Amino acid sequence: MLHYIDTRQGSNSRYPYSNGNTLPYTGVPFGMNHFVVQTHNEGSWFFNPHDRIFQGIRLTHQPSPWMGDFTHFLMTPIADDKIKGSVFTCQSSYRPEEAVFKPHYVRVKQQRYNITTELVPTCYGAAMRIRYNSKQQAGLVLNVSNKSEFRLDAAGRRLTGYVSNFADCHDKDFRMYVAMSFSKDVDLSTSGYYDAEGAFIPEVSLGGTDQHAVIRFKDCEREMLEVKLATSFISIEQAELNLQREVTGTLDELKDRAAESWNHYLGKIQVTHSNEEYLRTFYTCLYRMFLFPQKFYELDADLQPVHYDTTAKTVKKGILYTNNGFWDTYKTVYPLYSIIAPKEYEEMLEGFLNSYREAGFLPKWLSPDERGLMPGTLIDAVIADAAAKGIGMHLMPELLQAMLKAATTQSGQNCYGRQGTLDYLQYGYVPSSYHESVNHTLDYAYSDYCISRVADVLGEESIAEQYRQSALNYRNIFDPVTGFMRAKDKNGQFRQEFDDTAWGRDYAEGSAWQNSFAVFQDFEGLIQAYGSKERFFDKITELCNKAPDFDVLGYGFEIHEMSEMAAIDYGQLAISNQPSFHIPYLFNYVGQPASSQVVLKQLMSNLFNSGYDGFPGDEDNGSMSGWYVFSAMGFYPVCPGSNEYVLGIPLFDSVTIELPNGKQMRIHTDNNNPQSNFVSKVELGGEEYTKLFITHEDILAGKTLDFRLGLAPRYRSYTPEELPFSLSKQER
């Protein structure tokens with residue numbers, strides 16, 4: 001499947017507008033480091049596919065441009081003496097159309113120097129093969145903007161040192177350690193670094209800020225240099241151990257290993273279609289779902305997992321993961337892991353539990369430690385979905401206690417836990433005095449449902465019942481007059497001024513249109529609050545058909561999510577951002593699946609591709625890729641924790657899912673053509689199937705799922721048992 005993938009998908013993005021805000025990561029699944037071609041020095045936006053300038057290969061830990069790169073450095077091969085100690089003076093033109101950008105391999109030719117560089121990643125490092133084709137002396141520049149120290153061992157052909165953290169972190173002195181080896185002798189007489197004035201200092205020890213270390217080699221003109229490197233967040237000794245243990249063999253052997261690691265995951269879902277572009281899009285999206293979270297632990301000399309605890313500022317035993325925003329990924333990434341990577345999912349849960357043990361609260365946005373961004377504590381959904389599916393059960397008692405702590409305790413630090421916790425417990429909603437109070441309220445109600453699910457699984461009935469009731473708190477901010485969720489003050493009064501297209505203030509990255517339907521656990525109850533299925537159906541139909549208007553009220557300027565919603569022109573259905581991911585599926589809850597089907601097919605067919613403009617908005621750690629992967633298979637996890645997947649319309653002729661129990665789930669689509677926008681018939685396990693959802697148990701049983709598509713919609717009445725999960729339906 002690797003041949004379908006070009007990692008530059010969605011990378012044609014800038015600060016004001018996102019076509020994915022992705023980077024062309026070369027790495028291994030969940031690896032500690034990623035590697036990216038750098039084309040310009042512009043903060044977080046350091047690559048664009050249309051640039052024809054190569055500044056080097058960057059070792060990066062950037063999960064998103066909005067988070068930044070918490071440790072990085074740039075490696076630039078050179079073959080002349082005209083550099084002046086800056087990235088700009090080292091850079092070279094390159095031909096993007098001739099370069100190779102793959103998950104497991106990158107290759108670039110620098111036109112200025114006539115150098116071809118190849119890189120292959122490992123979990124903790126990489127191998128590079130640099131072919132010099134010039135008579136000038138071969139060299140490698142290490143560019144580090146923040147404080148760093150390196151020591152060059154010419155006799156041992158090695159470089160060791162550290163790079164300080166660039167972004168925010170609880171440990172202001174947090175470091176990444178580096179060990180690097182070379183296949184050629186180092187020329188000490190021409191190696192050194194450039195100071196701030198651009199003067200060359202020929203020294204063995206390199207240190208300072210804005211560092212440009214130059215390493216030149218003997219007898220390397222028109223020759224090949226092999227560079228191997230490894231990193232560690234623990235020590236130089238651990239980096240050297242990682243290098244010795246992992247970066248072994250030739251580059252070609254390492255390339256095969258990296259390819260095998262990717263094919264292990266990509267091969268778990270096999271799809272067919274006559275349009276190869278659909279295959280390229282699918283597998284490139286699938287690749288993006290295994291980049292994050294990243295391993296933040298290493299194996300010590302005894303092969304035991306250890307990690308650096310940035311809170312205690314010390315090394316500790318155990319698993320740890322980083323670079324993940326749960327507000328984004330709980331919707332799609334972890335539900336997919338539950339199907340095809342449950343062992344990895346369990347290990348991640350262990351890591352998140354260690355984050356709780358060290359910080360006192362479960363994580364919300366890790367990079368490298370808690371950043372505290374976005375509303376809610378949506379890791380609760382990651383835990384509940386695992387518990388409902390029997391994943392990581394030995395961790396669940398302590399994880400439940402961690403969830404309960406966040407639900408009942410207000411942290412003294414804003415980055416941890418829920419905001420407005422005590423007010424939520426007192427009023428049953430988060431008052432309007434809190435920023436994005438509507439989203440907080442809805443997310444807490446859903447998290448309460450998630451707590452009830454874990455408690456159910458563990459047999460804690462009193463806890464389960466308590467939180468099933470508080471999961472209905474969404475009702476406290478629903479306005480039946482407007483049909484929207486609205487902010488209330490502590491006196492129970494809705495905010496007086498209200499504009500349904502005003503973004504921000506009470507809503508996160510959207511308006512009332514995008515943020516009033518996050519009632520994943522109880523759409524039946526929301527329908528009842530509307531007064532009838534007809535009124536709810538009319539509301540979500542209006543959402544799809546209404547012009548993509550917006551008011552910048554809460555921000556004071558146009559943010560990129562507004563621009564993207566307006567640009568794609570799919571009404572108020574801002575599929576460009578996570579709050580809208582489930583909205584196309586909501587027609588199923590009122591027995592109108594045809595409306596979901598036609599909307600979904602248009603979204604998949606028109607807004608996603610494998611190219612540089614591949615996404616309708618921020619991809620965000622695999623979350624938007626996951627929306628496409630699930631939707632293209634024909635089902636979607638609207639409510640993680642419920643064990644149900646709501647049916648949509650498949651994009652592919654066939655899908656085969658390799659399950660961890662050795663079985664396969666096969667999905668077949670008949671009459672699959674562009675004009676067939678509706679599902680006319682469904683069979684599950686060879687029998688006609690009328691429910692609008694399938695269960696996790698159906699998938700693990702390896703049942704076949706057959707769709708026949710049609711030109712015209714079919715309408716019929718659905719019984720409550722045929723509609724997807726809702727708490728209110730369950731209580732009937």
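Predicted model: local features only at pLDDT ≥ 70, side-chain atom pairs only at ≥ 80, totals over all residues.
The hairpin is formed by β11 and β12, with four residues between the strands. Strand β11 spans residues 148-153, and β12 spans residues 158-164. The two strands pair in the antiparallel sense over six bridges. In β11, S148, F150 and L152 make up the covered face, whereas E149, R151 and D153 make up the uncovered face. Within the hairpin, R157 adopts a positive phi near 55°.

The largest pocket holds about 790 Å³ of space. Its lining comprises 31 residues, and W66, L373, M374, E436 and E509 are the closest to the pocket centre. Two or more lining residues come from each of the elements α5 (326-329) and α16 (560-568). By class, 14 residues of this lining are nonpolar, nine are polar and eight are charged.

The second largest pocket holds about 310 Å³ of space. A set of 20 residues lines this pocket, and those nearest its centre are V679, S680, V682, Y689 and Y718. Helix α17 (593-607) and strand β33 (678-684) each contribute at least two residues to the lining. The lining of the second largest pocket consists of nine nonpolar, six polar and five charged residues.

Definitions and conventions: Residues numbered from 1 in each chain as written. Heavy atoms only, no water. Buried < 20%, exposed > 50% of the residue type's maximum accessible area, 1.4 Å probe, protein only. Pairing = 2+ DSSP bridges. 1 Å grid on protein atoms, 1.4 Å probe; cavity = no way out; pocket = protein on both sides within 12 Å on 5 of 7 lines; lining within 4 Å. Points joined across faces, edges and corners; volume = space filled by probe spheres on them. Nonpolar A, V, L, I, M, F, W, Y, C, P; charged D, E, K, R; others polar.
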